[in-house]
Amino acid sequence: MSAEDGDTPGVIKRFLFVNRKAPYGTIYALEALEVVLISAAFDQDVSLAFLDDGVYQVLAGNDPSGIGMKNFSPTYRALDDYDITKLYVERESLQERGLPEDGFVVPVSVVSRAEMAAIMSQQDVVLSF
Amino acid sequence: MKIGILVNEGPYTHQASDSAYQFAVAALKAGHKVTRVFFYHDGVYNGSSLTEPPRDDRLIVERWGKLAAQYEVDLVVCVAAALRRGIREQNLAEGFRISGLGQLVEAGIQNDRLVVFGD
């Protein structure tokens with residue numbers, strides 16, 4: 001994968017992709033993941049945050065075959081190949097949904113809402129999906 | 001200040017497109033530069049030339065084009081999102097162009113701010 005025309009060599013910004021929607025039911029999660037993969041071609045400092053219903057995106061055991069959707073959970077495992085390893089899941093979002101703090105498809109850091117706010121404040125570019 | 005804008009929702013259904021436009025106008029009038037508006041998800045419908053609202057309604061697609069012409073704003077519709085939704089060169093409104101997601105990442109890199117309008 002190569003960066004498109006107009007790439008600015010040398011500039012490295014901190015990008016945070018905030019995922020707030022459930023993986024299925026709307027296309028937001030899938031299309032957000034497509035942006036994340038493209039961003040890897042630009043050699044930026046990329047992090048992902050999962051909060052609200054977005055926490056369901058990285059839960060293990062998703063099986064959308066019954067609704068005729070392709071399971072894109074394996075794509076999260078490919079992020080490591082693109083050196084995207086900073087994945088943050090908000091603890092309060094898990095608790096509010098009665099979900100445990102383990103059993104994810106990829107290694108993630110579970111952080112508090114306050115820690116998530118601090119992570120967001122450290123970014124140059126925050127994209128919310 | 002150099003500003004990039006991301007629009008994630010379609011026109012008329014959702015306020016995001018109107019808010020993005022109003023923000024762009026306010027920023028430009030305040031002397032800022034809006035370099036690019038990137039349309040993603042259902043936001044790609046903002047670039048459909050087939051749009052025909054009732055006569056007493058605002059012309060969302062047309063006013064984007066006029067804004068782009070007046071202030072040299074780059075209006076980019078995501079190719080992958082557009083093809084999924086039936087937007088292509090043949091029905092792309094004036095002032096818009098179709099390109100890849102790299103243009104969104106680039107807007108994040110090259111601008112002082114990237115402002116997201118979505119659900």
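Student: Is the crossing of α1(B) and α2(B) left-handed or right-handed?
Tutor: This is a predicted model, in which local features need pLDDT of at least 70, side-chain atom pairs count only at pLDDT 80 or more, and totals for chains, interfaces and linings use all residues. Residues are numbered from 1 along each chain, chains are lettered from A, and side-chain values use heavy atoms, without hydrogens and water. A crossing is left-handed if the near helix is turned anticlockwise from the far one by less than a right angle, and right-handed if clockwise. For α1(B) and α2(B), the crossing is left-handed.

Student: How are α1(B) and α2(B) oriented to each other?
Tutor: Helix α1 (residues 15-29) and helix α2 (residues 60-71) of chain B pack at an angle of about 20°, their axes 11 Å apart. Angles under 35 degrees count as roughly parallel, over 145 as roughly antiparallel, 65 to 115 as roughly perpendicular and the rest as oblique. Therefore α1(B) and α2(B) are roughly parallel.

Student: Which residues of α2(B) make the contact with α1(B)?
Tutor: Contact means heavy atoms within 4.5 Å. From α1(B) come S17(B), D18(B), A20(B), Y21(B), A24(B), V25(B), L28(B) and K29(B). On the α2(B) side they are I60(B), R63(B), W64(B), L67(B) and Y71(B).

Student: How are α1(A) and α4(B) oriented to each other?
Tutor: The axes of α1(A) and helix α4 (residues 102-110) of chain B come within 9 Å and cross at roughly 65°. The crossing is right-handed. The two helices, α1(A) and α4(B), are therefore roughly perpendicular.

Student: Which residues of α4(B) does α1(A) meet?
Tutor: α1(A) takes part through V35(A), I38(A) and S39(A). Their partners in α4(B) are G102(B), L104(B) and V105(B).

Student: Which element gives the most to the lining of the largest cavity?
Tutor: On a 1 Å grid over the protein atoms alone, a cavity is a set of points where a 1.4 Å probe fits but cannot get out, and lining residues have an atom within 4 Å of a point. The lining consists of N19(A), A29(A), A32(A), L33(A), V36(A), L48(A), F50(A), Q57(A) and Y76(A). The most, four residues, comes from α1(A).

Student: What volume does the largest pocket have?
Tutor: A pocket is an open set of points with protein on both sides within 12 Å along at least five of seven lines. The largest one is lined by 14 residues, with S49(B), T51(B), V61(B), E62(B) and A93(B) nearest its centre. Its volume is about 230 Å³.

Definitions and conventions. Axes are lines fitted to C-alpha atoms, for helices over the stretch in contact, and angles run from 0 to 180 degrees between N-to-C directions. Grid points are joined across faces, edges and corners, and a volume is the space filled by probe spheres set on the points.
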